[in-house]
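Please take me through this structure stop by stop. At each stop, tell me what to select in the viewer and what is there.

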Amino acid sequence: LRGNKTYRLFQSLSSNEIKELKRESKASVTLPLVSKLFALLCRQHPVIDISLEGKQKLFKKLYPGQDYSDVTIRRLLSEINKFIIDYLCFKKLYEDEWERNFRLMQIYEKGKLYQRAHRLRQQLHSYLDLNFTESDRFFKKKILLYQSELNSLNPDTEMSKEILREKICETSDRYFAFVKMRLAVLIKSRAKIVKTDDFVSFLPVVKTAYCNGFLEQNQLFNLYHFALQLTDGEEEIFSEYERIYFSMQSELAQEENLLLFYTGLNYIIRQVNHGNREKYGKVAFKWYKSALESNILIINNGLSTTTFSNIVSFGCRAHAIDWTLSFISAYLKYLPPSTQKDEEKYSRALVYFQIKDFKKSVTNLTDYSFSQKYLLKTKLLLIRSYFEIYFDDTEYYQLLLNNIAAFESFLNRNKTWPQKAKVPYINSCRVMKKIAKKRNKLMSLEQILLWYESEMEKEYPITGKMWLLDTLKQNRVEAK
Amino acid sequence: VLFGANTFKQLILDRHNEIIADALETLSLLSVEDFKKLRQASRLPAFFGSERVFQLYIALRSHYPDFSVSPGDLRKIYGKIFPDKKFSSHRLEKSFVELQKTTEAFLLNLELEKEEIFKARMTVIAVAERPYLFNLFSKTLDKIHEICSQEDLLKNTAHWYLQSELFDLLYSNKQHNKYDINDKTLESLNAACDHFFAHSIGPLILTKKASERVSSLFVEGIATAVQNSELADDKLLQLFFLQTKIDDPVIAEKVKELKAELTVSERDYFNHCIQLR
């Protein structure tokens, strides 16, 4: 049923929308049976039953005493789909002030009601000036407005054609410079992660114009310029970037805000991965907290699972345990329903792991059967928890080795993940196993640490590399 | 004193007449068939319809299509809508405002019905934020791309505006879709933006003589790209940029060839741009 269009449409509607649609269907749906079927389905909202059995029941109510016809019911459902889509489409158009008035302006222009079209055009100019920060999206719409005035057959336009042409030129240039910078940041950030080509046409000419003073007074443009430098690895401008970004965060549109936020954040995470964990771990936490406060991470009422995990992880690293636990409770509802339980269990286990309540972490990881997607990280976290417990209680030695062996054989057997993704986990297991064995043979922590540091120098990927180093160092201190 | 009492009264009267004139003007845009359809629409809540709007529609029916309505007619109309109430110009005005709103909503809906690509675009925007409707999102996007790739479609500023908006939308909703937001999407977005810019200044070049220059900072770069690289396959752009050098016989010949290759809609658009000169 998940693949069924009607099923999905009903699932996507809120109860308010259902109410509006019900009211609408009474007045607008001309076929009484479609209206009746719609009312029947509304009663089942949000999860409607359109299995064969469900459809037969609906048919019986619509055509009492007649033999079931799948074609008939499908035809009616298709009418309902069209009705819902038309409603959603029209509603969106009406909510979007720009789209609605721009269309109306075109209608009036076509109908030769030039004064009315002109009034709407002025209204649209004011709407853009009031609601948009100067950016490529703003200038793109302005170009359309100036062009419509230039092409207008209205004999009494306010601005002369020559002035309008100048305005189009000026606005087009601004649009072009902005869009090139935005795309450059987008493409270069992506290239940094997936190692692809980062060519952006016309970027050098835009940069030259900027160096010659073009748009240098525009804060957003300056921010794009800094973002571009950040993606090129220029470290010294980060604090300036951070300052400007936070000073104008509230003025930015969602898309721009997200792009500039992730550009900064990716830089911070690169620094964390390069070993600057103490300083940049806290910075990352601050950035995430601010993004949550300004609500930019909730897109279409959803939060990405990766972002959720990252926030939990940085919250723990910053030792903001209470904050992290309340974050988990408050934001879990924004995750896709299929991952909520997995994510909750894993996040809580991670929090307990960070506060060194390893037994509670183990309980959270073992009393629930995680889905396939979560197996790698949860199994490793379980082993890490046993590893930590083993340092306090050597009786856990065998349990630790058994878990490592089981995970190793799971990794060897499983073909879901590419080998490249599994290697850091395999290495992590191998190192932990060796350390446990050395410890079991009563080798001193000093020697184990020396051995591990020599392994680290070989630079092969190990999941939890730095955690392992910290654990060994801390245990050495405690042993002393 | 800016306004005397009489002037103020006149202003109110003017405003009152303007509101009524606006509503009637909007109604006059409807064809006979569409005006008939408005009857049902005037009761729909989605179109801000109501029983009062419906009654006003009925009262105005006989005045279609020129709607020349005298103050006396307005009193009669009022009597039909509010049979038991004393005449109030404010109440009448309000009804006309509502009718105007309903007619505009109806006109917009007609556009959605008539223009396939507009409807598809609004559908994509409407469903993009609904994770359960990914299939509809991607199918509608495919449909738009199919329509947009038709050879006889006019690819001017409006076309490239739509393209850049769609690729942007696709990028912003990457978390919901199976479309890999790969380099190809970003490449297409980049190309759409280049075309949009070039088409916004292209027609302006036509207005200049060979000795003059368009005051754009980036026109030179675009001109080179139109001749040699990224934008070289866009015939309309080539024509815009070559037009300034039409005195050169070689160029004039090339322009002639290019014009012959244009589709009907492209030729009409090009001629319209020439006329604007």
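Helices here are DSSP runs of at least four residues and strands runs of at least two, numbered from the N terminus. The model is predicted.

**Chain B overall**

Start by selecting chain B, where there are 13 helices and 0 strands. From the N terminus on, its elements run α-α-α-α-α-α-α-α-α-α-α-α-α. Of the 277 residues in chain B, 49% are buried.

**Helix α4 of chain B**

Next select residues 71-81 of chain B, which form helix α4. Show the side chains of B:L74, B:I77, B:Y78 and B:I81, which are buried. Looking down the axis of α4(B), you will find its buried residues within an arc of 105°, so they line one face of the helix.

**Two cis peptide bonds**

Step back to B:P65, in the loop between α3 (51-60) and α4 of chain B. The peptide bond from B:Y64 to B:P65 is cis, with omega near 5°. Now move to chain A and select A:P46, in the loop between α3 (32-44) and α4 (52-62). Here the bond from A:H45 to A:P46 is cis, with omega near 10°. Most peptide bonds are trans, and most residues other than glycine have a negative phi.

**Two positive phi angles**

Select A:F202, in the loop between α9 and α10 (203-211) of chain A. A:F202 is not a glycine, yet its phi is positive, at about 65°. This residue is buried, with a relative accessible area of 13%. Go on to A:K356, in the loop between α17 and α18 (358-366) of chain A. A:K356 also is not a glycine and has a positive phi of about 65°. With 45% relative accessibility, A:K356 is partly exposed.

**Aromatic pairs**

The whole structure holds 60 aromatic pairs over all chains. Select A:F285 and A:W323, whose ring centres are 5.0 Å apart with planes at 90°, so the pair is edge-to-face. A:F285 sits in helix α14 (residues 277-293) of chain A and A:W323 in helix α16 (residues 321-331) of chain A, so the pair ties together parts 38 residues apart in sequence. A:F285 is buried, at 10% relative accessible area, whereas A:W323 is partly exposed, at 25%.

Then select A:F353 and A:W467: their ring centres lie 5.9 Å apart and their planes are at 50°, so the pair is tilted. This pair links distant parts of the chain, with A:F353 in α17 (residues 337-354) of chain A and A:W467 in α23 (residues 465-479) of chain A, 114 residues apart. Both are buried: A:F353 has a relative accessible area of 4% and A:W467 one of 12%.

For a cluster linked by ring pairs, select residues including A:F238, A:Y241, A:Y245, A:W287 and A:F314.

**Charges over rings**

Select A:R116, which lies over the face of A:Y108 at 4.5 Å from the ring centre. In chain B, B:R91 lies over the face of B:F82, at 5.8 Å from the ring centre.

**The second largest pocket**

Which residues lie nearest the centre of the second largest pocket? Select A:F102, A:Q106, A:N151, B:N156 and B:A158 to see them. The pocket holds about 1400 Å³ of space and is lined by 40 residues. By class, the lining has 20 nonpolar, 11 polar and 9 charged residues.

Key
Residues numbered from 1 in each chain as written. Chains lettered and ligands numbered in written order. Predicted model: local features only at pLDDT ≥ 70, side-chain atom pairs only at ≥ 80, totals over all residues. Heavy atoms only, no water. Phe/Tyr/Trp six-rings, centres within 6.5 Å; stacked < 30°, edge-to-face > 60°. Buried < 20%, exposed > 50% of the residue type's maximum accessible area, 1.4 Å probe, protein only. Lys NZ or Arg CZ within 6 Å of the ring centre and 35° of its normal. 1 Å grid on protein atoms, 1.4 Å probe; cavity = no way out; pocket = protein on both sides within 12 Å on 5 of 7 lines; lining within 4 Å. Points joined across faces, edges and corners; volume = space filled by probe spheres on them. Nonpolar A, V, L, I, M, F, W, Y, C, P; charged D, E, K, R; others polar. Arc of directions from axis to C-beta.
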